[in-house]
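Visitor: Hi! Could you walk me through this one?
Guide: Happy to, here it is.

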Amino acid sequence: MATTAKTPAIRLKNLEKRFGIGDAETFALNGVNLTIRNGEFVAIMGPSGCGKTTLLNIIGLLDTSYDGEYELDGVLADSISKRKQAKIRSQQIGFIFQNFNLVPRLNIIENVALPLAYKGIGHTKRLVMASEILETFHLNEREYYMPHQLSGGQTQRVAIARALVNQPSIILADEPTGNLDSRASYAIMEELSALHKQGKTILMVTHNPRLTTYASRVITMLDGQIDTDTKVVTDLAEEALKNSKLPKKTRINKRRQNKTARASKRKRK
Ligand SMILES: Nc1ncnc2c1ncn2[C@@H]1O[C@H](COP(=O)(O)OP(=O)(O)O)[C@@H](O)[C@H]1O
Ligand SMILES: [Mg+2]
């Protein structure tokens with residue numbers, strides 16, 4: 001893809017997603033504007049039903065019916081053929097879901113090697129690659145276990161290893177620690193943090209405010225829209241510095257943040 005360092009990884013403009021028709025119509029997304037640069041680690045929060053999963057599904061090219069614009073690496077997702085989209089999904093995007101089901105009849109190493117099969121890599125090479133990534137997750141002793149023999153935390157680590165075996169540049173995680181105790185959650189967050197340091201772009205939905213400390217940016221959603229975004233605060237601070245004026249308050253309150261977001265939305269219209 002034609003990417004430059006400045007091309008955002010993801011750009012959403014007035015993104016809308018409707019479910020149902022007539023009286024039953026609901027807006028799962030109601031005008032989302034969002035730009036995410038390569039290498040950002042974005043935590044997404046918000047009440048149940050506010051559109052977080054819908055947003056990740058669209059970004060991950062799992063859902064292609066929406067209104068508005070979605071640019072991935074500077075290319076309109078709409079203009080990418082279904083075949084190319086499938087290729088991007090399997091090679092550039094890593095998905096980690098809350099209830100990530102491993103294939104129960106395959107052992108751990110076969111599960112992790114599975115995505116490589118779609119790339120046409122030979123069986124032995126696939127197992128070597130899977131084994132290497134399992135080693136980085138300290139799971140190499142479990143390679144020949146069956147999924148039901150692992151703990152919740154181990155299963156999720158295997159799921160992450162499987163999401164990463166293709167070396168994706170974007171990682172989409174939907175409540176990856178939702179079913180885990182705090183110790184297992186911490187281990188998963190350390191893994192995501194290490195990936196962030198390697199330069200991967202990460203979008204992680206979480207209900208746990210504590211976990212947002214790992215992120216470089218925190219977005220909250222409400223009723224299908226972006227409600228708050230720490231990036232807006234950073235932008236304002238940068239602008240203030242550029243104008244050689246010290247910001248009156250270093251911590252910009254939420255009302256002002258929303259006002260700025262509304263103003264920039266109007267400008268873009
Ligand atoms: N397949 C679907 N069919 C109908 N409505 C849906 C579907 N998926 C999501 N919705 C609705 O869209 C809204 C956003 O859902 P979702 O993105 O799953 O929220 P979140 O992940 O933030 O909990 C909710 O009102 C939900 O009921
Ligand atoms: Mg959800």
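Guide: Let's start with a sheet: four strands make an open one, ordered E2-E1-E4-E5 with antiparallel pairing. Strands pair if DSSP finds at least two bridges between them, and strands (E, at least two residues) and helices (H or I, at least four) are DSSP runs numbered from the N terminus.
Visitor: Which are the edge strands?
Guide: Strand E2 (26–36) and strand E5 (75–76), each pairing on one side only.
Visitor: How many bridges do E4 and E5 pair over?
Guide: Strand E4 (residues 67–72) and E5 pair over two bridges, and Leu 72 sits opposite Val 75 in E5.
Visitor: Before I go on, where do the numbers come from?
Guide: This is a predicted model, where local features need pLDDT of at least 70, side-chain atom pairs count only at pLDDT 80 or more, and totals for chains, interfaces and linings use all residues. Residues are numbered from 1 along each chain as its sequence is written, with chains lettered from A and ligands numbered from 1 in the order in which they are written.
Visitor: New topic: which residues are around ligand 1?
Guide: Among them are Phe 19, Thr 26, Ser 48, Cys 50 and Lys 52, where near means a C-beta atom, placed from the backbone, within 6 Å.
Visitor: What gives the most to that shell around ligand 1?
Guide: Helix H1 (52–59), with three residues; E2 also supplies at least two.
Visitor: And how many helices and strands does the protein chain have?
Guide: Eight helices and ten strands.
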